[in-house]
Amino acid sequence: GALSQGRAEPTTLHNIGVAARQVLDFTGRAPGLEVAVEELIAACAAVQLAPNEDVLMQGVYPPAVEAASRALQRLRGLALP
């Protein structure tokens with residue numbers, strides 16, 4: 001929530017990256033997984049930079065949040081068949 005509103009702590013993206021890369025440690029470094037991890041990290045970075053708060057206040061998920069959600073679902077689908 002704080003990430004989508006641009007109010008995340010400075011360590012939030014770092015922690016997301018660490019958690020996403022841990023998926024590789026637990027599942028192996030398959031090329032598709034590595035790509036999905038990097039896509040998730042990039043999508044979350046885009047969320048933090050996007051002006052999302054006004055759109056969220058209107059009850060709509062901003063495109064950057066939707067993209068991050070899809071990236072997370074893709075990684076989850078690859079890591080947890």
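Ile41 is buried, with a relative accessible area of 18%, where buried stands for under 20% relative accessible area, exposed for over 50% and partly exposed for what lies in between, computed with a 1.4 Å probe on protein chains only. The structure is a predicted model, in which local features need pLDDT of at least 70 and side-chain atom pairs count only at pLDDT 80 or more, whereas totals for chains, interfaces and linings use all residues. Residues are numbered from 1 along each chain as its sequence is written, and side-chain values use heavy atoms, with hydrogens and water left out.

Ile41 belongs to helix α2, and, when residues up to four places away in sequence are not counted, Ile41 touches Gly17, Ala20 and Arg21, a contact being heavy atoms within 4.5 Å. Ile41 and Gln22 are 19 residues apart along the chain, and their C-alpha atoms are separated by 12 Å.

## Overall architecture

The protein has four helices and zero strands, and its elements run α-α-α-α from the N terminus on; helices (H or I, at least four residues) and strands (E, at least two) are DSSP runs, numbered from the N terminus. The C-alpha trace spans about 40 × 25 × 15 Å along its principal axes.

Of the 81 residues of the protein, 28% count as buried. Among contacts between residues at least 6 apart in sequence, 61% join residues at least 24 apart.

## Packing of α1 against α2

Helix α1 (residues 12–27) packs with α2 at an angle of about 170°, and their axes are 10 Å apart; these axes are lines fitted to C-alpha atoms, for helices over the stretch in contact, and the angles run from 0 to 180 degrees between N-to-C directions. The two helices α1 and α2 are therefore roughly antiparallel to each other, given that angles over 145 degrees count as roughly antiparallel, under 35 as roughly parallel, 65 to 115 as roughly perpendicular and the rest as oblique.

On the α1 side the contact is made by Leu13, Ile16, Gly17, Ala20, Arg21, Val23, Leu24 and Thr27, and on the α2 side by Leu33, Glu34, Val37, Glu38, Leu40, Ile41, Cys44, Ala45 and Gln48. These residues divide into 11 nonpolar, three polar and three charged, with Ala, Val, Leu, Ile, Met, Phe, Trp, Tyr, Cys and Pro counted as nonpolar, Asp, Glu, Lys and Arg as charged, and the others, Gly among them, as polar.

## The largest pocket

The largest pocket has a volume of about 250 Å³, and of the 11 residues that line the largest pocket, the closest to its centre are Leu3, Cys44, Ala68, Ser69 and Leu72. On a 1 Å grid over the protein atoms alone, a pocket is an open set of points with protein on both sides within 12 Å along at least five of seven lines, and lining residues have an atom within 4 Å of a point. Grid points are joined across faces, edges and corners, and the volume is the space filled by probe spheres set on the points.

The elements that give two or more residues to this lining are α2 (31–49) and α4 (63–79), and α4 provides the largest share, four residues. The lining residues divide into eight nonpolar, three polar and no charged.

## Further residues

Ala45, placed in helix α2, is partly exposed, with a relative accessible area of 27%. Ala45 and Leu3 are 42 residues apart in sequence, and their C-alpha atoms are 8.8 Å apart in space. Gln73, found in helix α4, is partly exposed with a relative accessible area of 42%, and its C-alpha atom is separated by 9.3 Å from that of Leu40, 33 residues apart along the chain.

Pro62 lies in the loop between α3 (53–57) and α4 and is buried, with a relative accessible area of 1%. Pro62 and Val47 are 15 residues apart in sequence and 8.7 Å apart in space, C-alpha to C-alpha.

How values were computed: On a 1 Å grid over the protein atoms alone, a cavity is a set of points where a 1.4 Å probe fits but cannot get out, and a pocket is an open set with protein on both sides within 12 Å along at least five of seven lines; lining residues have an atom within 4 Å of a point.
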